[in-house]
Amino acid sequence: MDLGLSGKRAIITGGSQGIGRATALLLAQEGARVAIVARNEGPLQEAADLIQQKTGIAPLIITADVSQEAEAVRAVEQAAGEFGGIDILVNNAGTSAAQPFDQLDTADWTADLELKLFGGIHFARAAIPHMRKAGGGSILNVTAIGGKTPGASSLPTSVSRSAGLALTKAMSKDLARDHIRVNAVCIGLIRSAQIERRWQKVAPQLTWEQFAADPRHGIPLGRIGDAEEAARVITFLVSAAASYVTGTAVNIDGGTSTVL
């Protein structure tokens, strides 16, 4: 299947590792021009080297704090200036912050919302004029299954993610007339640096395959997912192959979530 990504211009936040890096690599392999954004230059350069090694094309690397509007605008304008526009935005930047309600203060809430919610808002606001100029585009918000079914001690992340889902649906309706599609993915347990640290902390005697398949994770498909598996879904959703899909949120969780 031709995904229609050749020549498309994409910007991916949180692009230095995990799902962001895997998505950037896959988009580049499909012929897109890719800019990856993160706070630290070292991991960005490592990701860029990997992508260049596998595709022969070096992505644009941009250091920026996505929670800061001025830096988000600068990042988008730098990518648009380099590529001549923006067609695809993947809002992937974020961390997992999960605590009980009574252990959080205002600073905790503010930091999480600024990163996961307002970071996506800042990048979208900056990218949308370029998409309109191009005649359309695609925005993909990476959220978590906790945004649909918040659990105990899942704050503030589950609230930020729930807000991201509401943002996705509302934006999809507002921007449809501009041929800009807006979708989300809800991530479950996917291999990441954070998950690997947990593996080394609680079960260093196990191989990764043994830890990933531990039934105590409660994953119906029987294992923790790989970043590449999430990247394939994201790449499809931002591509022309999903041209009639907007305003939806796809679970990438091995069947864990109790809701559609």
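The model is predicted, so local features need pLDDT of at least 70 and side-chain atom pairs pLDDT 80 or more, while totals for chains, interfaces and linings use all residues. Residues are numbered from 1 along each chain as its sequence is written, and side-chain values use heavy atoms, with hydrogens and water left out.

Student: Is Ser-154 buried or exposed?
Tutor: Ser-154 sits in the loop between β6 (137-144) and β7 (155-156). Buried means under 20% relative accessible area, exposed over 50%, and partly exposed in between (1.4 Å probe, protein chains only). Ser-154 has a relative accessible area of 15%, so the word is buried.

Student: Which residues does Ser-154 touch, not counting those up to four places away in sequence?
Tutor: Contact here means heavy atoms within 4.5 Å. With residues up to four places away in sequence left out, Ser-154 touches Ala-97, Ala-98 and Gln-99.

Student: How are α3 and α4 oriented to each other, roughly parallel or roughly antiparallel?
Tutor: The axes (lines fitted to C-alpha atoms, for helices over the stretch in contact, with angles from 0 to 180 degrees between N-to-C directions) of α3 (residues 69-83) and α4 (residues 106-134) come within 8 Å and cross at roughly 30°. Angles under 35 degrees count as roughly parallel, over 145 as roughly antiparallel, 65 to 115 as roughly perpendicular and the rest as oblique. So α3 and α4 are roughly parallel.

Student: Which residues of α1 make the contact with α2?
Tutor: The axes of α1 (residues 18-29) and α2 (residues 41-55) come within 10 Å. On the α2 side, the contact uses Ala-47, Leu-50, Ile-51, Lys-54 and Thr-55. From α1 come Arg-21, Ala-24, Leu-25, Ala-28 and Gln-29.

Notes: Helix = DSSP H or I, 4+ residues; strand = E, 2+ residues; numbered from the N terminus.
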